[in-house]
Amino acid sequence: MNTPLTEHGPAFRGALTGLLGLGTYLPSRRITNEMICERIDTSDEWIRSRSGIRFRYWAEPTETVEFMAATAAERALEHAGIAASEVGCVIVSTVSHLHQFPSLAAGVAHRIGAAAPGAFDISAGCAGFSYGLSLASDMVAAGSARYVLVIAVERLSELLDHEDSGTAFLFGDGAGAAVVGPCDQPGVGPVVWGSDGSHKETIRQSHSWAELRDATAPDWPVITMDGREVFRWAAYQLGPIAAQALEKAGVTVRDLDSFVPHQANMRIIDELVKELGIPDHVAVARSVEIHGNTSAVSIPLAMQELLASGRARPGGLALLLSFGTGLVWGGQVVRLPPAPAGPPVPAATAPAHPTKENRS
Amino acid sequence: MTAVQSDTLQALKEIVDEVAGVPAEDITPESSFIDDLGMDSLTIVSLFVLIQRRFGTDVPNAVFDRLTTVGQAVAYLEHGEIPA
């Protein structure tokens, strides 16, 4: 499926697996900075200078996590030319599926008509796509599954404190999926991942669901984040993690076609580009501007955006780099999938009626 | 001002120029990071990250919150104490 990349091919070390197709879902409700500013005392200009974000999309009630995840998955399968019945495992990364059990993955697998694949959810916050991709690639390489669907989905709008000027503007909803399968050339480099639980308070759910049981129940839990601490952590730690991912894959920044960091904040992306010395010929994902921070969804959305714009080349090498609540991080070099039919486009309308299946 | 102080100040001016785009000639020891140099809290983090890389001095958040001017940061880097 992949375009051979002869000039860099031999140097790139990775599993004989690859991203065969991509699919995404952007929900129907476009939220501008002006709309956010109705609830917090700030301005469009401040939000843009602070984060680079101009707008984000939030899900309507019928755009549930299961609906968005399944739609993105179906699009990824179509792009890869793989039937749902061929999928051996479904991995869903999410922190906004509000059921402790069953997993979202089992419901998504059923909904897309997969034939009883392995299915489970992972919790790695914004690093979830890198984590899931690593699991998927290892499964394919080991022969545990021929094709694996890696899906990231978030409805973070549901977990926002709309009056918190540090987070209300930051997050967006959506879903992104990739089909991972066998390839005759290396397509997924070794993951560099890790965690540092000493920072577990830095980005977190404000309080446990258990507290809602108490007589003096607190409000609905929301995302709480020490943005400056996250920025500081990212500024110190992400550069060396990226360098390690490149080294493990046997390539340098000069070999890259594109750089796809988690779309957390434009300021972090700009710092990374400077620190890593990303050359001008490398396409840098900056879709945080038009999608907001969509957690683990941001990397598939950004890859599709870059490929559809023609700035990234199918078969080119991309450095993926992500970090999030935990704190956890993950990064790897991958060979980009074939060009998608177009960029991520928000849904024209939400599904009309909530069904039993699409209640989250 | 001793040569050592002047080196630290000069290096700090270069870093401020890099993170905030303020030319060195517009920066004095009295310049306030926020009020005079137009830096926000994230830019100040970037400033101290570059200071760490260049001087090897890790300045914790609680300390740099109290270093509000260029001169105070120079004094901290040279003497390891927050000026009164």
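Reader: Which helix of chain B does B:Ser41 lie in?

Author: Good place to start, and keep in mind that this model is predicted. B:Ser41 lies in helix H2 of chain B, which covers residues 41-55.

Reader: What does UniProt list for B:Ser41?

Author: An unreviewed UniProt entry gives it as "modified residue: O-(pantetheine 4'-phosphoryl)serine".

Reader: Why does B:Ser41 count as partly exposed?

Author: The idea is to count neighbours: 20 or more other C-beta atoms within 10 Å make a residue buried, and 12 or fewer make it exposed. B:Ser41 has 15 C-beta neighbours inside 10 Å, so it counts as partly exposed.

Reader: Now chain A, please. What is the order of the strands in the open sheet?

Author: Read across the sheet from strand to strand: the 5 strands of chain A follow the order S1-S7-S6-S4-S5, and their pairing is mixed. At the edges are S1 (17-25) and S5 (118-122), each pairing on one side only. From one strand to the next, the twist averages 15 degrees.

Reader: In which sense do S4(A) and S5(A) pair?

Author: Strand S4 (residues 87-93) and S5(A) pair in the parallel sense, over 5 bridges. To find a bridge yourself, look at A:Val90, whose partner in S5(A) is A:Ala119.

Reader: Which strands does helix H3 of chain A touch?

Author: Helix H3 (residues 65-80) packs on the sheet and touches S1, S4, S6 and S7 of chain A. Its direction makes about 135 degrees with that of S1(A).

Reader: And where does helix H5 of chain A lie?

Author: Helix H5 (residues 128-142) lies across S1, S4, S5, S6 and S7 of chain A, and runs at about 170 degrees to S6(A).

Note on methods
Residues are numbered from 1 along each chain as its sequence is written. Chains are lettered from A and ligands numbered from 1 in the order in which they are written. This is a predicted model: local features need pLDDT of at least 70, side-chain atom pairs count only at pLDDT 80 or more; totals for chains, interfaces and linings use all residues. Two strands pair if DSSP finds at least two bridges between them. Helices (H or I, at least four residues) and strands (E, at least two) are DSSP runs, numbered from the N terminus. Axes are lines fitted to C-alpha atoms, for helices over the stretch in contact, and angles run from 0 to 180 degrees between N-to-C directions. Two residues are in contact if their C-beta atoms, placed from the backbone, lie within 7 Å. UniProt positions are given in the numbering used here, feature names are shortened, and annotations may be inferred rather than shown by experiment.
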